[in-house]
Amino acid sequence: MPGFSTRAIRAASRVPSAPQPPVNVPIYASSTFEVADATELAELLEFARPGHSYSRYSNPTHAALEDALAELEGAEACLATSSGMAAAHAAVLATVRAGDEVLLPRAVYGGMVGLAAAVLDRSGIGHAVVDSTDLEALTDAIGPATRLVWLETISNPTTAMADISAIAAIAHERGVRVAVDNTFASPYLATPLSSGADIVIHSTTKYIGGHSDIIGGAILGSAAFIDEARHVLVNAGGNANPFDAFLALRGLKTLALRMDRHSSNALAVAQGLEGATGVERVRYPGLASHPQHHLARATLRDGMAGGMLAVEVAGGRSGGERFLDALRVAVHATSLGSVETLCSHPASSSHRQLSDDELTAAGLSPGMVRVSVGIEDPDDLVEDLAGAARAAAS
Ligand SMILES: Cc1ncc(COP(=O)(O)O)c(C=O)c1O
């Protein structure tokens, strides 16, 4: 009879058969999968047959998340990644090579600027920046080396909206692909592929997870493109992990309910703050005063505009800091898209290296506070944020 350790390892590795399927997707916490023979393993490693060999390549829990996201975004295929930035990185590298250029919007998540400056640049991939709400400027900015136009459905942090179908038409005429970061809208409010985008990425860390407890991402597109991206991701090691994929799947089940509430709460907060003491400007696509309010109404589901707003408070940089110090319900923390209201001040955090003039050139302002409106009771949020704006002005 084998010894105790041998029996313990064998006994504890027996996978139960489950004739009644579980209601939830199991967490396949297994880095590797037993194969029948060398041929099977070789074919699995080349994705030449269905199944799983090693979790950097694929894993059943990741696959369940990928199938669900592909269905909701209307994509042929999806790849779950370890973070939103891993998704952006693999999506870009699957599209461009040394000597090519990526066109970024002026108002874009700071991580994209970091990726372009710190990573792509080293690989000989250049980038240019344009105000992507100005279609003429965008057309002029597409040069002979441009291979990819990067957009955000709703931009971080300024809430500028991308006219995806118009930009896709301009880019495609010039043989250039369009990738859209759909993190702020989520697939419930917008599906950029149906508007002509070629690639969608998500930080599932945000609305899809929805509870500030995971870091994850996803790439979506045609089956051929996802094959390309998979080669980048597998070789660079940007795969998801099964625990976070499970939580992202759980988050998807309540995404619609949460986005409805995020949107109605954000509209109440935006209306409550617009014109209030200490508030110089509220940028929220659901307000008639937003420069792309009509685009928001035309492209986002049922007149909703999501949970993100940018509030310019009085008093510049120090006003923004006073605002955060005065919060009692909302939490001063980076990140967004969660059930709790999260506030951050780009001028003293993500963009602290920029002067006031540089902030303005990037479409921000020194007193701008980014508010990710949660799903708390709206009256409590309006009272808390209006009180913080009064404190900023004092
Ligand atoms: C719009 C947007 N895209 C991508 C990312 C990167 O996501 P992650 O932090 O999951 O890498 C973020 C993070 O804040 C974001 O706001």
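Q: Which residues of α11 meet α15, and which ones in α15 do they touch?
A: From α11 you have N265, A268, V269, G272 and L273, and in α15 they meet P378, L381, V382, L385, A386 and A389. Contact here means that the C-beta atoms of two residues, placed from the backbone, lie within 7 Å. By class, that contact has nine nonpolar, two polar and no charged residues. Nonpolar covers Ala, Val, Leu, Ile, Met, Phe, Trp, Tyr, Cys and Pro, charged covers Asp, Glu, Lys and Arg, and polar is the others, Gly among them.

Q: Before we go on, what kind of model is this, and what are the pLDDT limits?
A: This is a predicted model, where local features need pLDDT of at least 70, side-chain atom pairs count only at pLDDT 80 or more, and totals for chains, interfaces and linings use all residues. Residues are numbered from 1 along each chain as its sequence is written.

Q: And what counts as a helix or a strand?
A: Both are DSSP runs, numbered from the N terminus: H or I with at least four residues for helices, E with at least two for strands.

Q: Back to the pair, then. At what angle do the axes of α11 and α15 cross?
A: They cross at roughly 35° and come within 9 Å. The axes are lines fitted to C-alpha atoms, for helices over the stretch in contact, and angles run from 0 to 180 degrees between N-to-C directions.

Q: Left-handed or right-handed crossing?
A: α11 passes α15 in a right-handed crossing. Right-handed means the near helix is turned clockwise from the far one by less than a right angle, and left-handed means anticlockwise.

Q: How many residues does α11 have, and how far does it reach?
A: α11 runs over residues 255-273, so to speak for 19 residues, and reaches 26 Å from its first C-alpha to its last, close to the 27 Å expected at 1.5 Å a residue. The expected span is 1.5 Å times one less than the number of residues.

Q: Which α11 residues are buried?
A: L255, R258, M259, H262, S263, N265, A266, L267, V269, A270 and L273. Buried means 20 or more other C-beta atoms within 10 Å of the residue's own, exposed means 12 or fewer, and partly exposed is in between, with C-beta atoms placed from the backbone.

Q: What do they pack against?
A: The buried residues of α11 pack against α8 (186-189), α10 (242-253), β8 (279-283), β9 (308-313), β12 (368-372) and α15 (378-393). Just after α11, G275 takes a positive phi of about 85°.

Q: Switching to α3: which of its residues are buried?
A: T61, H62, A64, L65, E66, A68, L69, A70 and E73 are buried in α3. Their cover includes β1 (77-81), α8, β6, β7 (217-221) and α10. α3 itself (residues 60-73) has 14 residues and reaches 20 Å between its first and last C-alpha, close to the 20 Å expected at 1.5 Å a residue.

Q: What about phi just after α3?
A: G74 sits there, with a positive phi of about 70°.

Q: Which residues other than glycine have a positive phi?
A: S212 is one of them, with phi near 55°. S212 lies in the loop between β6 and β7, and with 18 C-beta neighbours inside 10 Å it counts as partly exposed. S335 is another, at about 80°. You'll find S335 in the loop between β10 (331-332) and β11 (342-344), and with 14 C-beta neighbours inside 10 Å it is partly exposed.

Q: Where's the cis peptide bond?
A: It joins N156 and P157, with omega about 5°. P157 lies in the loop between β4 (146-152) and α7 (164-173).

Q: How do α4 and α5 cross?
A: The axes of α4 (residues 84-93) and α5 (residues 110-120) come within 11 Å and cross at roughly 50°. That makes α4 oblique to α5; under 35 degrees counts as roughly parallel, over 145 as roughly antiparallel, 65 to 115 as roughly perpendicular and the rest as oblique. In α4, M85, A88, H89 and V92 meet G111, M112, L115, V119 and L120 of α5.

Q: Last one: is F225 buried or exposed?
A: F225 counts as buried, with 22 C-beta neighbours inside 10 Å. F225 is in helix α9 (residues 223-236), and leaving aside neighbours within four places in sequence, F225 is in contact with A94 and I199.
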